[in-house]
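This report goes through the ring contacts, charge pairs and pockets of one protein model. Please keep the sequence and the coordinates at hand while reading.

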Amino acid sequence: MTTGRPDLEVLRVSNGAFELEVLPALGASVLNLRAASGRPVMRHVELSDVQTSSQCASFTLLPFSNRIRDAHFTFAGREVHLRVNTKDGLAQHGDVRNRPWQVERVSDSHLRCTFDSRAFADINWPWVFTAQVEYRLHGLHFDTTVTLTNEDAAAMPAGLGLHPYFARVQEGVDPALQVGAELTYDTDERQLTLSEARPVQPAEDYRTPTPVGERHIDRTYTAWDGVARLDWGERALTVTADNVYSHVVVFTAPDGSLAIEPVSHATDAFNLAARGVAGVDLRVLEPGQSLAGTARVTLEGNW
């Protein structure tokens, strides 16, 4: 088979419920996550279609998630200018998702992936950091644990997130979406947060299970209880996330999949925090400190 990236080795692990494929050379991103029956849990991806992590089923966001306005912010009196990596002049999704990681097969159902920014002279972040992602399959659960550590001599602003795309319409059934979040943000034309979070309006409220239908969603929520659920009737899946993931992004992707992204801070939290906007959850790591959290996908019903 001809692949879009001939350098992409695929590592596979499985248990009685899941089959997981990971690409070490491309951010240790998830190529595919399937039920043992072969049914896609995350969107199905052909290796031959992959050029970057954007075509994968899931990727990791480090050392920040989502967008930074004009690829610039101020921290501790320091002007930070990052390289722009979007067409609309932003820095987006950190700088680990398209770089090679070291991956160790701990067992037939457990992978440990590590990253050191010092290995890359062109890293798009002025502080030194290391990261680890662990993928574990156990029973009906798929756990992803992310750890970000400040290896620099100075304090570092920090964030983390996951960007999974879930298979949505199955056998003609559009799932009911439930997200236990009370607040959301207003954004501009570049999906950049404008101000503090506000209560969700009825059309934005998924605390009660609601089919997505024809809606276009690209929204960050907070005051989130750490639970999101997709229910097709015959089967369902639940995403549960540790408290470090205080925000969640919901995005209806153009390919028909649905992204449910646990993230540790609001979009453009770096600039919002500098303005004194409350509740955006920018973290600051002192030298040697770490930020870590686990998100779990659990299957229910007939997969």
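The count comes to 14 aromatic pairs, where rings of Phe, Tyr and Trp (its six-membered ring) pair if their centres lie within 6.5 Å, and where planes under 30 degrees apart count as stacked, over 60 as edge-to-face and the rest as tilted. The model is a predicted one, in which local features need pLDDT of at least 70 and side-chain atom pairs count only at pLDDT 80 or more, while totals for chains, interfaces and linings use all residues. Residues are numbered from 1 along each chain as its sequence is written, and side-chain values use heavy atoms, with hydrogens and water left out.

**Aromatic contacts**

The rings of Phe 73 and Trp 127 are stacked, because their centres are 6.4 Å apart and their planes stand at 20°. This pair links distant parts of the chain, since Phe 73 belongs to strand 6 (residues 72–75) whereas Trp 127, 54 residues away, is in the loop between strand 10 (110–116) and strand 11 (129–138); strands (E, at least two residues) are DSSP runs, as are helices (H or I, at least four), and they are numbered from the N terminus. Phe 73 and Trp 127 are both buried, a term that means under 20% relative accessible area, with exposed meaning over 50% and partly exposed in between (1.4 Å probe, protein chains only). Phe 115 and Phe 120 also form a stacked pair, because their ring centres lie 5.1 Å apart with the planes at 10°, and these two residues are buried as well.

**Charges over rings and salt bridges**

A charge is taken to sit over a ring if NZ of Lys or CZ of Arg is within 6 Å of the ring centre and within 35 degrees of the ring normal. Arg 43 lies over the face of Tyr 165, at 3.6 Å from the ring centre, and the charged end of Arg 235 sits over the ring of Trp 303, 5.9 Å from its centre.

Side chains of opposite charge can pair when their charged atoms come close. The structure holds 24 salt bridges, each being a side-chain nitrogen of Lys or Arg within 4 Å of a carboxyl oxygen of Asp or Glu. Three of them are set out below.

| Salt bridge | N to O distance |
|---|---|
| Arg 43 and Asp 255 | 2.8 Å |
| Asp 116 and Arg 118 | 2.9 Å |
| Glu 204 and Arg 219 | 3.4 Å |

The bridge between Arg 43 and Asp 255 links distant parts of the chain, 212 residues apart, with Arg 43 in the loop between strand 3 (29–35) and strand 4 (58–61) and Asp 255 in the loop between strand 20 and strand 21 (258–263). Arg 43 has a relative accessible area of 10% and is therefore buried, whereas Asp 255, at 49%, is partly exposed.

In the bridge of Asp 116 with Arg 118, Asp 116 is partly exposed at 28% relative accessibility, while Arg 118 counts as exposed at 53%.

Glu 204 and Arg 219 also meet in a salt bridge. This pair again links distant parts of the chain, with Glu 204 in the loop between strand 16 (198–199) and strand 17 (210–211) and Arg 219 in strand 18 (residues 218–231), 15 residues apart. Glu 204 is buried, with a relative accessible area of 10%, and Arg 219 is partly exposed, with 22%.

A network of salt bridges links Arg 12, Glu 19, Glu 21 and Arg 34.

**Pockets**

On a 1 Å grid over the protein atoms alone, a pocket is an open set of points where a 1.4 Å probe fits, with protein on both sides within 12 Å along at least five of seven lines, and lining residues have an atom within 4 Å of a point. The largest pocket has a volume of about 430 Å³, a volume being the space filled by probe spheres set on the points, which are joined across faces, edges and corners. Its lining comprises 22 residues, of which Arg 67, Gln 92, His 93, Tyr 165 and Phe 251 lie nearest the centre. Strand 14 (161–166) and strand 20 (247–252) are the elements that give two or more residues to this lining. The lining divides into 7 nonpolar, 6 polar and 9 charged residues, where Ala, Val, Leu, Ile, Met, Phe, Trp, Tyr, Cys and Pro count as nonpolar, Asp, Glu, Lys and Arg as charged, and the others, Gly among them, as polar.

The second largest pocket has a volume of about 190 Å³, and the residues that line it include Thr 52, Asn 85, Gln 92, Asp 95 and Arg 97. Its lining divides into 1 nonpolar, 7 polar and 3 charged residues.
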